[in-house]
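User: Could you walk me through a few local features of this one? I'll ask as I go.

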Amino acid sequence: MSASDADEGNGDEADGGEPDGDKPDRTPSERVDVCVVGAGPAGGLVAHRLADRGYDVVVLEAGPRFDSTDRLERMERTIRPIHNGDEVWDMSGPRDAFTTPGERFYPLNVARVKGVGGSTLHWQGMVMRLHESDFERRSRDGVAADWPVDYDDLMPYYAEAESALGVAGASDNPFAPPRDEPHPLPAFEPSYSDSLFAEACERVGVTTHSVPNARNSEPYDDRSACVGYGTCKPVCPSGAKYTAESHVEKAEAAGARVLDRVPVQRLEHDDAGERVEAAVYATPDGDEYRQEARAFVLACGGVENPRLLLLSESEQYPAGLANSSGLVGRYFMDHLFAGMGGTLDRRTRQNHVGFITTESHQFYDDPGAGVEGIDGSIPPSDADIGPIKLEFLNYAGPSPVEMALGADTWGDDLLPQLREGYGNHVAMGALVGQLPRAENRIALDPERTDDHGNPIPAIHWRIDERTKRTLRRANEIQRTVLEAMGVDIEWTVGPDNTGPAYHHMGTTRMGTDPESSVVDPLLRTHDLLNLWIPSSGAFVTSGAMNPTLTIAALALRTADYIDESL
């Protein structure tokens with residue numbers, strides 16, 4: 001695949017077809033208090049909080065509302081080789097086309113979902129708070145920029161977000177930022193392979209701890225406890241893992257109206273260019289409508305948010321709505337993966353758990369720190385590197401299905417191969433973050449359009465040298481631990497073959513200066529008085545933590561300020 005093209009799939013399930021006689025009313029409401037664009041975690045939380053406080057709320061979602069009874073069938077798609085990964089959640093066709101003209105190909109559709117629930121339909125469900133250092137990268141490291149808010153500003157909203165999502169955790173991380181209360185649910189027990197890692201880490205001086213997960217370790221919020229399907233990403237059939245469908249449904253119960261399959265084409269502003277007046281959306285029948293509101297919230301992610309702003313150009317905003325700074329779409333960041341794995345001479349019970357239960361944040365605030373152990377050491381590094389989040393992967397190695405499908409034998413002849421080659425794999429992962437760079441950006445492709453004739457997103461992406469150094473450092477730490485375990489290392493993912501974690505950040509960055517940011521510290525756009533963008537696009541720096549809990553905290557905080565403004 002070339003760096004300028006993207007696989008569009010067959011488009012059979014994403015073409016907007018809908019049975020006659022089963023079409024909901026998608027005409028607009030009379031002018032409402034709040035129009036939310038996007039029904040993912042940010043949109044669902046904002047819609048629920050404001051609807052619950054008595055505001056008239058309409059949510060416009062580009063994708064469909066998925067039937068929860070289809071989850072088992074979708075799970076089967078993940079293990080059958082005839083299906084591509086993007087087909088699990090119907091991501092294909094001109095509707096979802098994109099290009100990547102940058103230095104590196106960016107596989108956007110591998111891990112995004114358009115539909116009620118958004119990215120939480122397929123996510124792994126790991127939810128950590130950013131560290132205090134993440135908000136002060138310029139002050140501490142002399143790189144990038146500081147956020148206009150700090151950890152203390154978000155601390156109460158982190159707690160609210162953990163309660164809203166139902167986070168299971170042991171609150172045992174000695175490297176985590178301070179908290180006033182334990183996690184809402186008890187942590188999941190460490191996996192068997194976690195115990196093997198813990199022994200090796202202790203021998204080399206690395207501290208391990210539990211991982212907070214947005215999945216039920218016991219029944220919570222009308223959802224069952226996890227039953228261990230092990231296919232958490234890309235689909236949880238049991239409903240134990242949190243999805244934003246929960247808060248969308250709560251918003252509806254509080255009076256909000258949710259329209260699915262209505263991609264917003266553009267936002268229209270008043271004559272003065274000071275306020276958004278309407279969101280223009282299309283229906284599966286090809287009709288266009290205007291939804292008017294007093295306030296507007298963009299909550300469709302770090303790629304589609306800037307794309308919609310760029311599509312909403314006008315005489316007052318020739319470079320795109322809310323783009324007087326010229327920074328809409330700029331400073332696109334992601335987390336990069338470092339990994340290493342191989343086999344042991346004993347069983348590891350691989351793939352028994354579909355999510356991570358143990359990590360180490362020991363090298364997060366001080367990634368160059370050296371450690372000494374009784375069975376090895378990690379030397380210090382004085383290189384300019386960023387935070388590292390170490391992961392211990394209990395789903396490493398092939399599944400029996402994969403091995404059987406790739407084998408040359410069948411039946412009784414295959415059994416010995418499966419018995420000998422399965423169950424002894426082990427691996428480590430790590431996330432590191434990119435620095436914000438203006439050349440990494442989401443733009444509009446001038447030559448290709450989607451199914452509505454709008455330019456598709458063009459992703460300009462490259463990896464800077466500081467990030468590559470951090471990946472090498474992560475590999476150095478991983479090798480030390482794996483060698484202490486006695487692992488026969490068979491593969492490595494590092495600077496040359498790394499890939500993204502699909503955490504889209506930085507494209508509508510926050511700040512106090514309208515010339516160097518898109519939204520203010522309350523996530524309201526500098527240019528328009530009634531437009532808010534609670535998104536990871538607001539992140540000034542990326543850190544190395546999975547971003548959804550911070551997105552949720554920002555969304556709840558923004559909802560409070562919208563409440564005050566209305």
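User: Which backbone oxygen does the side chain of Q362 reach?

Analyst: The side chain of Q362 reaches the backbone oxygen of G205, at 3.3 Å, where a polar contact is a pair of N or O atoms within 3.5 Å, and within protein one must be able to donate a hydrogen and the other to accept it, while residues adjacent in sequence count only if both atoms are side-chain atoms. This is a predicted model, in which local features need pLDDT of at least 70 and side-chain atom pairs count only at pLDDT 80 or more, whereas totals for chains, interfaces and linings use all residues. Residues are numbered from 1 along each chain as its sequence is written, and side-chain values use heavy atoms, with hydrogens and water left out.

User: Is Q362 buried or exposed?

Analyst: Q362 counts as buried because its relative accessibility is 16%; buried means under 20% relative accessible area, exposed over 50% and partly exposed in between, with a 1.4 Å probe and protein chains only. Q362 sits in the loop between β9 (358–360) and β10 (371–373), helices (H or I, at least four residues) and strands (E, at least two) being DSSP runs numbered from the N terminus.

User: And T69, buried or exposed?

Analyst: T69 counts as exposed, since its relative accessibility is 64%, and its place is in the loop between β2 (57–60) and α2 (71–79). The side chains of T69 and D67 are joined by a polar contact of 2.8 Å.

User: Switching to helices, how do α4 and α11 cross?

Analyst: The axes of α4 (151–165) and α11 (residues 548–565) come within 8 Å and cross at roughly 110 degrees, with axes being lines fitted to C-alpha atoms, for helices over the stretch in contact, and angles running from 0 to 180 degrees between N-to-C directions. The two helices α4 and α11 are therefore roughly perpendicular to each other, the class for angles of 65 to 115 degrees.

User: Which residues of α4 make that contact?

Analyst: Among them are L154, Y157, A161 and L165 of α4, which meet residues of α11 including L549, A553 and L556, contact meaning heavy atoms within 4.5 Å.

User: Last one: what caps the N-terminal end of α10?

Analyst: D464 caps the N-terminal end of α10, with a side-chain oxygen 3.1 Å from the backbone nitrogen of R466. Of the 21 residues of α10, 15 are buried, and just after α10, G486 takes a positive phi of about 85 degrees.

Notes. Angles under 35 degrees count as roughly parallel, over 145 as roughly antiparallel, 65 to 115 as roughly perpendicular and the rest as oblique.
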